[in-house]
Amino acid sequence: MDPHDSPLDERIKHARSVGNLPPDRHLTLFTTIPSLLRHRASETPDKPYLIHAGEGGERTVYSYQRIYREACRTAHFLLRMGVRRGDRVATVAYNHADTVVQYLACWCLGAVVVPVNVGEDDRRIEYILSNSAARLAFVRTEFAARIENLPAGVPGGMKVIVVGGTDRAFEDALAEESDLPIDYSDELPEVLPGDDALIVYTSGTTGHPKGVFLVQYNLLVDAMAIAQWHGMEPGERMLCVLPIHHVNGIVVTLATPLWYGGSVVLRRKFHTDEFFSTLAREGVGVASVVPTLLQFLLHAGPIPADLDLTRFRHIICGAGPLTCELATNFEATFGIPIIHGYGLSETTCYACFLPVDLSAGEHARWMREFGFPSIGVPLPVNEMAIHDASGNALPETARGEIVIRGHNVMREYFAEREVNEATFRHGWFRSGDEGFFVRDAGGRPFFFITGRLKELIIRGGTNISPFEIDEVLMNIPGVRAGLAVGFENDWYGEEIGAYIQRADNSGISADQVITECRKVFSFQKCPKVVLFGDDIPVTSTGKYQRSRLKPLFAGWKSVQFSESRKHQ
């Protein structure tokens, strides 16, 4: 049956298949997290899995045996609290070893983790806890009062377990689980590959957030693909500075080392002045970042000469718009390759990467010569294509919607029938991102992302990618960061503005910005209004929040712009 005409469940199944392999024809040796964790604890009990590098300089190492024991103790605690397989457990926390243990405990029990981003406002946190029907929430002591005082109160039936600080009730309760049997998993239920593991709520800018359902097998198959693509070896270390309430932190730097038998160095957050020293001190091989962090590192200056980075191979970068300018400057300054990639929560995490074995010349070509840095080639566990609005595949270089199908595609959006219908309308996961692909000499498709379809600026009926304008803005001397912003306009529907963060000691003016843009773009495509500010709003994972800048341009809603008049 043509997936275009199939019932929704058949279209989702098609979108979760790769080639002729349905999602229940597993590609991984281990298909559940507890089976893999149990194997690691048995085969390499003393090998480090988690190195928690605290903010105060403390360093705690969790071997595979220790992390497994801690996870099982916490799983038994959850059982005593009434949590069962399939129940939802929220975590209101930050990057901490305790949070990792809680994730693993839920997965050993077959429960579903609902990570809560504390950067969200109370209304959205309240919605997430209520919508997910969380049975229990692990809340770090810093956020306990906030959760207890949510406007509508704690969702009915949800137990709040406070972790950390001076309140030792949870730690004392865990002590009751200290006499576990030799097989720590005794009395825990059997967990299956298709059991739900995560509900990750998307950080949309309008409307309520959507819950992305990911199953145990999703996490493992994407972790396997990431590990194999980057050539990760047993014992090799990764660095996690991204928040583990997001799939990048969870899948790339928690699940992936677990898959290949390595370890993760966990920091609470990114610190510019400690990034390279942490890589050197811990002997890290690969780190995962977002483009914003590359910009911070560039601004901070060169790597101290006394640091030994011989074990460090490359940086994984995705989850936000990377410009050719930023990528070129970073690689030239530090001599560290950026392995650019792309994925979404809905595809577990990454769906494609630049190949790691490209020659320097080929790497530079794909990063610089097409107007956008390539997001790379599809991982073997999924397929990618460019579709038009009717679900038809488009040829090389044609722009359309990036679509994905594979074993890493989510089960569905939670309780969102209409959204699922639209998202899987043609039997593929529709990303909502615009892009194109170009084949190399061997026929491999290298994909590019040109903008968010919903972010496209539609001026007088013409679609304009803000990413193209971003690239030019970022390349103007005196500009540290710049974003093109589509704002409501009575004459053209939308007009183009530019929001600029000046570089230090730069006195660049609006006229100069527009003059530089006009060297590249026609008047129609050029920003008409230039505003300056000290900060660009970003999400907790470093993505620029372009839509939050739109209200700043409200004063120009009724202005008809022409080449003969200036409006800055």
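Guide: Two strands count as paired if DSSP finds at least two bridges between them. Keep in mind that this is a predicted model.

Visitor: How many bridges join S23 and strand S24, and in which sense do they pair?

Guide: Start with the general idea. Strands of a sheet pair through backbone hydrogen bonds, and the pairing is either parallel or antiparallel. Here, S23 and strand S24 (residues 493-502) are joined by ten bridges, in the antiparallel sense.

Visitor: Now helices. Which values describe two packed helices?

Guide: The angle between their axes and the distance between the axes. Take helix H2 (residues 33-43) and helix H9 (residues 247-260). Their axes come within 9 Å and cross at roughly 55 degrees. That angle is why H2 is called oblique to H9. The crossing of H2 past H9 is left-handed.

Visitor: Which residues make the contact of H2 with H9?

Guide: From H2, take Ile33, Leu36, Leu37 and Arg40. From H9, take Leu258, Trp259 and Tyr260. By class, that contact holds six nonpolar residues, one charged and no polar.

Visitor: H2 also meets helix H4. At what angle do their axes cross?

Guide: The axes of H2 and H4 (residues 97-109) cross at roughly 115 degrees and come within 8 Å. H2 is therefore roughly perpendicular to H4. On the H2 side are Ile33, Pro34 and Leu37; on the H4 side are Leu104, Trp107 and Cys108. This contact of H2 with H4 has six nonpolar residues, with no polar and no charged ones.

Visitor: How do helix H3 and H4 pack?

Guide: H3 (residues 64-80) and H4 make an angle of about 65 degrees, with axes 8 Å apart. Their crossing is right-handed. The residues of H3 include Ile67, Tyr68, Glu70 and Leu78, and those of H4 include Val101, Leu104 and Leu109. The classes for H3 with H4 are twelve nonpolar, one polar and one charged.

Visitor: On to single residues. Is Leu219 buried or exposed?

Guide: Compare its relative accessible area with the cut-off. Buried means under 20%. Leu219 has 0%, so it is buried. Find it in helix H8 (residues 216-229). Beyond its neighbours within four places in sequence, Leu219 contacts Ile33, Trp107, Ala197, Leu198, Leu214, Val251, Ala255 and Thr348. Ile33 belongs to the H2 contact with H9, and Trp107 to the H4 side of the contact with H2.

Visitor: What about a charged residue? Is Asp195 buried or exposed?

Guide: Its relative accessible area is 11%, so Asp195 counts as buried. Asp195 lies in the loop between helix H7 (169-175) and strand S7 (196-201).

Visitor: Which residues does Asp195 touch?

Guide: Arg85, Glu190, Val215 and Gln216, not counting residues up to four places away in sequence.

Notes
Residues are numbered from 1 along each chain as its sequence is written. This is a predicted model: local features need pLDDT of at least 70, side-chain atom pairs count only at pLDDT 80 or more; totals for chains, interfaces and linings use all residues. Side-chain values use heavy atoms; hydrogens and water are left out. Helices (H or I, at least four residues) and strands (E, at least two) are DSSP runs, numbered from the N terminus. Axes are lines fitted to C-alpha atoms, for helices over the stretch in contact, and angles run from 0 to 180 degrees between N-to-C directions. Angles under 35 degrees count as roughly parallel, over 145 as roughly antiparallel, 65 to 115 as roughly perpendicular and the rest as oblique. A crossing is left-handed if the near helix is turned anticlockwise from the far one by less than a right angle, and right-handed if clockwise. Contact means heavy atoms within 4.5 Å. Ala, Val, Leu, Ile, Met, Phe, Trp, Tyr, Cys and Pro count as nonpolar, Asp, Glu, Lys and Arg as charged, and the others, Gly among them, as polar. Buried means under 20% relative accessible area, exposed over 50%, partly exposed in between (1.4 Å probe, protein chains only).
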